[in-house]
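This report describes how the parts of a predicted model meet one another and how its ligands are held. The sequence and structure are shown first, and the description follows.

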Amino acid sequence: MAEKVLMKGNEAFAEAAMRGGCRFYFGYPITPQSEIPEYMSRELPKRGGVFVQAESELGAINMTYGAGAAGGSVFISSSSPGIALMQEGMSFLCSAEVPAVILNVSRCGPGIGGIQPGQADYFQATRGGGNGDYHMPVFAPCNMQEAVDIIYEAPALADKWRTPVMILADGMMGQMMEPVALPDPKPFVEPEEIPANKPWAITGYAKKPGGARAVVKSLRMQPEALEEHVERLFARYDAAKAELTRYECIGLEDAELVFVAYGTIARLTLEVIEMLAEQGIKAGLIRPISLWPFPYEAFDQIGKRTKVVVSAELSMGQLIEDVYRGVNGRLPVELIHRTGGIIPTSIEVAQKAKAILEGLK
Amino acid sequence: MKPVFTYTKGMLPVSTSYCPGCTHGIAHRLIMEVLEENGKLGDTVGVAPIGCSVLAHQFMNVDMCEAAHGRAPAVATGIRRAQPHKVVFTYQGDGDLASIGMSEIIAAAARGERFSTFFINNGIYGMTGGQIAPTTLIGQRGTTAVEGRTKAQFGMPIKMCELIAQLECAVYVERVALNTPANVRKAKKAVQKAFEVQEKGLGFSFVEFLSTCPTNWGLTPSDALQWVSDKMIPYYPLGVYRAPQPEGGQA
Ligand SMILES: Cc1ncc(C[n+]2csc(CCOP(=O)(O)OP(=O)(O)O)c2C)c(N)n1
Ligand code: SF4
């Protein structure tokens, strides 16, 4: 039975990860997610899990790689500059096919930027901030319940597809208190169970069924071998797309203007749509929940009455690149954005949307 | 007839990628011999670095992974948590450990991570072709200091054992050399000791091997061994820098 509680976002995220079966957490303090390592340091050891305060985010992601390669179920979190430091490790996790769940409670940049919520890590998350040909599933929930549900599901997805999975939240969601239904805890996997569950894991081969030696690696000196490996990863991405592509469409049939937005700004856009409706303007929303794979197919549901598609984002125009691909030249595309940690009011977004429609006349 | 010298089961029956006269191979063999003698080959997880020994997992007959350049101690920290009852070690060169990975090794040693690190100090970046390493001796040439290392430009070579031995949770720290049969025997004892300390759960153990890189030193294999005796050992004194107190002894 799900348990309904009032919780701060960061603590709910941590709780959801533990309940989803993540036994290991490696963290380094950074605003606006420091409640997560704090919560984990208190809660994980009580439940038989492990908390390590890493020396840096480089340390944290590499501890994740080690524990994940040895078959452990790992959850880690950080915020934008910390996630930037982890990118080398993420590229290794992706190539070596090591599962993990990574949460970015994002703030705004570039550089050390500021500590207010932002969405300027879209490229970093969806284009692969590390080197090489790889992707990882990225989910962007827009409220706490959705975040809890996807974090709870993520360890199983990571294991199934042998990949790190990223959750892209923002400081607004991390700091907010909201009621959530917490799903029932799944039991932690014991080290002795790993060799049978994950024969590829580096556990020592003595007790492994079949006794085969395991090597977790990304180096392939032969170009042909590397090409084959990368093509195999990409074939798996293709196979995973149907299960991983997630989105919500609202009022597309008769919308004059369609917003595309994710996370905090998507939530705000729902208010904007109501506000515009009161003024006789029909607006709809495509809300990508998976940012990778991106739900390009959602754009096929845009109705005949739509005159313009608007990317609404807390960045200088990053999501808009996928909006262009989704629209594929069928309609004009516009941008409504704020950055630097500013979240616009719904009135401001509604006014900008009206101005865009006016401009088309 | 009884063979007096055989392969260890710890090394896979393949040829290594190391140059003639390189002592990486000796270090590999010593570690693997000890694990075989301890009956631990199937219960061990090793971490290979970035450097000439990146392919150690093709030679060592234990479960292994690669780590990004310098990050092996963090990777081993994670492995240790997920597999608390296995033998865990990292194998790292001096560029990997003493330059790019300085933060990870010091942090792991300070936490007293229950794994062993085998540190190959050959005073140079081998794999990338002989650039100056943090351990390159004053006057020693490298491709980024063709006239030889100077204190003014690069500072002084880092003595890792001395540095690590400052940390209380690094419970076993020893420097050995692979230049003579007697020193190789001592090196094996140090490996045994490191694993013993790990299995007893006492804390972090660290063995530094003074090793050769004839290729990038521009020396013959035998001159390289002589160079370890003449140049390296005087600057990097061999010996035990920290060891657990004998039971019942004063702490
Ligand atoms: C992040 C990163 N930077 C640089 C390199 C290039 N690189 C590969 S091996 C190496 C040095 C290895 O030297 P050392 O650790 O001394 O080991 P050796 O090859 O001498 O055994 C470097 C710099 C890399 N692979 N990754
Ligand atoms: S380059 Fe040096 S360290 Fe590398 S294998 Fe050759 S001799 Fe050994």
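Within chain A, 27 residues of domain 1 are in contact with 24 residues of domain 2, contact meaning heavy atoms within 4.5 Å. The domain assignment of chain A places domain 1 at 4-193 and domain 2 at 248-359; such bounds come from an automatic or database domain assignment. Taken over C-alpha atoms, the centres of domain 1 of chain A and domain 2 of chain A are separated by 28 Å. About 2200 Å² is buried between these two domains of chain A, with carbon and sulfur atoms giving 55% of that area. Buried area is the accessible area (1.4 Å probe) that two parts lose on being put together, summed over both. On the side of domain 1 of chain A, the residues that lose the most area to domain 2 are Q119(A), Y122(A) and C142(A), together 32% of what that side buries.

The model is predicted: local features need pLDDT of at least 70 and side-chain atom pairs count only at pLDDT 80 or more, whereas totals for chains, interfaces and linings use all residues. Residues are numbered from 1 along each chain as its sequence is written, chains are lettered from A and ligands numbered from 1 in the order in which they are written, and side-chain values use heavy atoms, with hydrogens and water left out.

Between the chains, the contact takes 37 residues from chain B and 37 residues from chain A. The area buried there is about 2800 Å², of which carbon and sulfur atoms give 58%. D63(B), E66(B) and R81(B) supply 21% of the area that chain B buries against chain A, more than any other three residues.

Ligand 1 is surrounded by 16 residues, the closest being H24(B), C52(B), D94(B), D96(B) and G126(B); a residue is near a molecule if one of its heavy atoms lies within 4 Å of it. Helix α4 (residues 94-100) of chain B gives the largest share of this shell, four residues; helices are DSSP runs (H or I, at least four residues), numbered from the N terminus.

| Residue (backbone atom) | Distance to an oxygen atom of ligand 1 |
|---|---|
| C52(B) | 2.8 Å |
| G95(B) | 2.9 Å |
| G126(B) | 2.8 Å |

Taken alone, ligand 1 exposes 590 Å², and the protein buries 74% of that, by the Shrake-Rupley method with a 1.4 Å probe.

Residues around ligand 2 include H24(B), C52(B) and G126(B). Helix α9 (residues 214-217) of chain B supplies the largest share of the shell around ligand 2, three residues.

Conventions
A polar contact is a pair of N or O atoms within 3.5 Å; within protein, one must be able to donate a hydrogen and the other to accept it, and residues adjacent in sequence count only if both atoms are side-chain atoms. Helices (H or I, at least four residues) and strands (E, at least two) are DSSP runs, numbered from the N terminus.
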